Every structure is written in C-alpha cells, then in structure tokens.
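Let's walk through this structure together, from the overall build of a chain down to single residues and their partners. Keep the viewer open as you read.

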Amino acid sequence: MTFSRGILTRAQWQESEAAVTPEAVFRERRALIKALGMGAVGASLPGQVHAGILDLFGDSKPKEFSTQALEYAKASGFVTDEALTPETKVIRHNNFYEFGTGKQDPAANSQGMRVDPWQLTIEGLVDKPLTLGFDDLLRRYPLEERIYRLRCVEAWSMVVPWVGFPLAALLKEARVKSGATHVAFETLFDPEQMPGQKNRLMGGGIHYPYVEGLTLAEAMNELTLMSVGLYGKTLPPQNGAPIRLVVPWKYGFKSIKSIVKIRVLAKQPPTSWNRLVPHEYGFYANVNPQVDHPRWSQASERRIGPGGLFSAERIPTRMFNGYGDYVAELYRGLDLRTHF
Amino acid sequence: MRLTPKQLPWLKALLHLACALPLCWLIFQVMSDNAGGDPVQFIIHYTGKGTLNALAATLCVSPLARWLKWPLLIQCRRLLGLWCFAFGVLHLLAFLSLDLLFAWSMLLSEIVKRPYLVVGASGLLILTALALTSFKAAQRKMGRRWQQLHNWVYLAAMLGPVHYFWSVKSEIIEPSIYLGAFILLLYLRRDRLMRWLSITA
C-alpha cells in the first residue's frame, strides 16, 4: 500500500468508483421499489382517505434543508474499494444528540437549522487568529473528495464520500505557535435551534456545547479533514453542516459536527464523551479491534452498505480502521489499552 | 360495572389487537422506509420496549382485578404474558439476525462477556420457562410447583429494566421511568413477594 503526496499508486484496497453503485441508479431503484410498495397500498384506499393515511405515517415530510452543489476535485487519492453507503442512509442514520438521541431524530429535527451566516473562529496559540464566514468555509481552501470508512463506536460502519479540505491547511494559515500540543473543537451552542441542548430528556444528558479534541500531530495528519460536503453537495444539518471534522481512524464521535470554534492549546482539552463516561470513551478513541467497549466487542462491525435489511455484512474491524499506514507512527510507544 | 363471562372473549380479542397492532406498525414503518436510514437499532429497541410494556401490562392484571373486583380479568394474564414472551423472542432474534448477522459464536461469547446481556438473557430464559409451562395441562401436572415457578416473573420484572438501563449510552431518563414503574408494580405485591423470598431462601 503506498500513497505519497502528489503521486498516486493504487493500493490493494483501492478501486475505482466504477465499482460503486452510482447514486442515480440507486435512487432510481429505490424510487421504483417505493412506487411499487406505496402504490399498492395507496391504490387500495378510497380517494378521500389518501391524505389522512399518508399524513399519519409521515409521508408528507416537513420542509427539507436545501443543500447546494459543490465544486471540488473528484476523489483520486484517498479512496477505498468498498461500496459506498447510499446517501439516503448516510443522511438518515445519524448520532447528533443536539437533535435527539434516536438515529432518525437528527434528520427529523434539524431541517430548519440556519447555517448561513456562520462563524468559525480559530484561536488560542496561533499567530494569526482567524474568523471564517460561511463563504470562506466553501471557498477559501481548494475542496477535494475523499472516500473514507466511518467506524462508529457502536460497532456499525459506513463508507462515505466526503468533500472538504485538510485541517492542516487551516492550522498552517493560522500559524500555530511553538509549545502548542493539542487542538480543541466546539459545536454550535444554540438551544433555540438545537432542541437537545434545551431538553435533557432529548439531549441524552450530555453537557453542551459538545467538545472534542486531538493532539496537534493528529490534527496536522494528512487524513484529518474539515468536511463541508457529502456526495458532492454541502452537508445537511444532521451530518454536521456547515463544517465538521472527519478523523477516519478514530471512532465517529471524535468527528465533531457543526463547528464554531477551534482552539489551539498547550494541554489536552476535556472532551464531552470522555468527561461523561471516561471508562467507555477515551480521549484517543482510535479504532482498535483488540480493545472492547465494556458492553460490546469491537472486533467486528456491521457495515451499512447498499443492500437491504438482511443483506448487511459483519466484517472484521481493522486496526486504526485500516489507516494504520498513515497514523500508526503517531502512537509509537503509547499503550493503546490504557490510552484507548 | 362488572366483567361478565360473555364479555371476556371480547376483552381478550381487544388485548390481542392491542399487542399485535404495534407489531404491524413496526413492520409498516420498516417496509415504508420510515424507520430511519438503518432500521436495525430501531427494531431492536422497539421490540425490547415492547417486551417491557407487555410485561408491565401482565403485572398490572392481578392488582387491577383486585381493585376493580373483576376476578375474571385474571384470565387475560396468560395472553399478555405470552405476548411479552413473543416480543422478547423477537428482540433476541432482531439482535441475532440484524445486528450480529447470525454470528452464533459471537452471540454466545457476547452474552457471557457482557453483564447487561447476561441480565437480559436471564430475563428471557425465565420468560421462556414461563411460556413453556403456561398451558392448563402443565399447570395441572405441576401442581404447587407451578406457582413457585411462575413467581420467577418478579425476578424477570427486575432484570428487564436493569438490562435496558445498562444498555444505554447516556439517555437514562426513559430506562429510569421503566425501572420505577416495575419497582412500583412489585411494591404492590410486596407481601406475596416477601413470602416467596423467604420460602426460596
């Protein structure tokens, strides 16, 4: 497996996107299946019942957040041969407790979120603190697509085509001071827009705003991406609009969403899940099949792929989610059992 | 008002419907693509809560029969208990088939290794024993031992909510409500419970 900047050599695990079911084909199939299923139900109902029944089962959806097409370089370097998780699953199966703890809550409760205007500040141990507005997020740095595996700490996984730019680009522009060792991130705190922050029952008892952190070396790693898009379009709110972190060799909860603040620090910042349940969620949270979560094995994962309910796959989990070539050196000499 | 023998079949039919409808709703939600992008967790949680709801309903029967002075109501208890067992089996099946994808060895090793699964599996084991001996013939044959065995439902009533409580990440309010409700249901029969415990001990 080789990858060097600028020169692309296809590794064993890489394959062209041609092997992936194109989104359009997938959508068509889905629409067909839907039409068949719902049509059969619908046709059997007398006319005046239609609206009522369909309303009852949520078919008349509330307004949907509108995403926009992005300009970016198509995935070339960081890709994988695994089938992409269809967009409909990526945008409808989310952990974003600010919008509720159920997997479908974020998509249901976030569609009215305002992401433009947005302010992302980069502060702390930097020579040039920055404030990026909404347009900066999409235009200041060249955007590229990267197809990464996403491994959730709950032992399910996806393959997601992100669009974004390396966090390193941002940190380089802000000029990190010597002595800095860590980077802290913070999600928007806006209880008016994020019902989970207002209501403990809905927000799962987390202290908000959600905070996450990386070591500076992790933050500067070429894999670490600031993502502004998904499937070629801007992110929907449930996936962390307008900008989120993607750290593909760590469990999903490290990839903090809807970021408003990045602080460069000289010490390890406290992080939300680590503070709440330290014996279950460590600061590093590197994907590691040898270290189980107290309540489930991490040795394998259920891949949420293109198929139906019974065609999912249980696959072995790889060390660092398969990205060891790029990141293993960051942890040399560190006992990953204690620093999980 | 009293429950008459003539009304009993209707009440039973109504209860069957009340237990079957949520299941139909679940199937419809999944089939019509309204159970989320990946309905696996949804189905597992739904059937798990269905088990707890049916168990709570089962445990409501005798206090309710006494309070309303409707002795006939007791005859609905087996029906609800069997629905509880059915939901429990579906819950386990959903976990095994949709989450573990029939990795049988993993099912066994996980149940042994994870305390919250030990608790859940023990509860389901009790429900299985009760379901298998729920028939009139078994009751006749077992005599006094039948009641002794079926008192184990009180243990299941503790294991279920504890399993739920233990399985969640941080959202503990709903499991706490279940735990409280079951403690109340057991408190209502504290005399009987103490007697059972002193005999068993």
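A handy term to start with is burial: a residue is buried when its relative accessible area is under 20%, exposed when that area is over 50%, and partly exposed in between, using a 1.4 Å probe and the protein chains only. What you see is a predicted model, in which local features need pLDDT of at least 70 and side-chain atom pairs count only at pLDDT 80 or more, while totals for chains, interfaces and linings use all residues. Residues are numbered from 1 along each chain as its sequence is written, chains are lettered from A and ligands numbered from 1 in the order in which they are written, and side-chain values use heavy atoms, with hydrogens and water left out.

Let's begin with chain A as a whole. Of its 340 residues, 53% are buried. Chain A holds eleven helices and 14 strands; here helices (H or I, at least four residues) and strands (E, at least two) are DSSP runs, numbered from the N terminus. Now take the contacts, meaning heavy atoms within 4.5 Å. Among those in chain A between residues at least 6 apart in sequence, 72% join residues at least 24 apart. Chain A exposes about 14,800 Å², and carbon and sulfur atoms supply 55% of that area. Accessible areas come from the Shrake-Rupley method with a 1.4 Å probe, and for residues only the protein chains shown count as cover.

Next, some backbone details in the loops of chain A. The peptide bond from D116(A) to P117(A) is cis, with omega near 5°, and P117(A) sits in the loop between α4 (105-109) and β3 (120-124). Another cis peptide bond joins Y208(A) and P209(A), with omega about 5°; P209(A) belongs to the loop between α8 (200-203) and β8 (211-215). Y231(A), in the loop between β9 (225-230) and β10 (233-234), has a positive phi near 50° without being a glycine. This tyrosine is buried, at 13% relative accessible area. S258(A) is not a glycine either, yet its phi is positive at about 40°. You will find S258(A) in the loop between β11 (244-246) and β12 (259-265), and with 0% relative accessibility it counts as buried.

Now for the charges. Side chains of opposite charge can pair when their charged atoms come close. A salt bridge here is a side-chain nitrogen of Lys or Arg within 4 Å of a carboxyl oxygen of Asp or Glu, and a search of the whole structure finds 26 of them over all chains. In one of these, E145(A) pairs with K74(A), the closest N and O atoms being 3.9 Å apart. E145(A) lies in strand β5 (residues 144-151) and K74(A) in the loop between α2 (49-56) and α3 (87-90), so the pair ties together parts of chain A that are 71 residues apart in sequence.

Another salt bridge links R92(A) with D33(B), at 3.5 Å from N to O. This pair crosses between chains, from the loop between α3 and α4 of chain A to the loop between α1 (8-31) and α2 (40-68) of chain B. D33(B) is buried, with a relative accessible area of 19%. Within chain B, the side chains of E110(B) and R114(B) meet in a salt bridge at 3.1 Å, N to O, and both residues are buried. Salt bridges that share partners also join E82(A), R149(A), R151(A), E301(A), R303(A) and R318(A) into one network.

Finally, turn to K89(A), in helix α3 of chain A. K89(A) is buried, with a relative accessible area of 9%. Which residues does K89(A) contact, leaving aside its neighbours within four places in sequence? They are M158(A), I304(A), G305(A), P306(A), G307(A) and, from chain B, G37(B). K89(A) and I304(A) are 215 residues apart in sequence, yet 7.9 Å apart in space, C-alpha to C-alpha.
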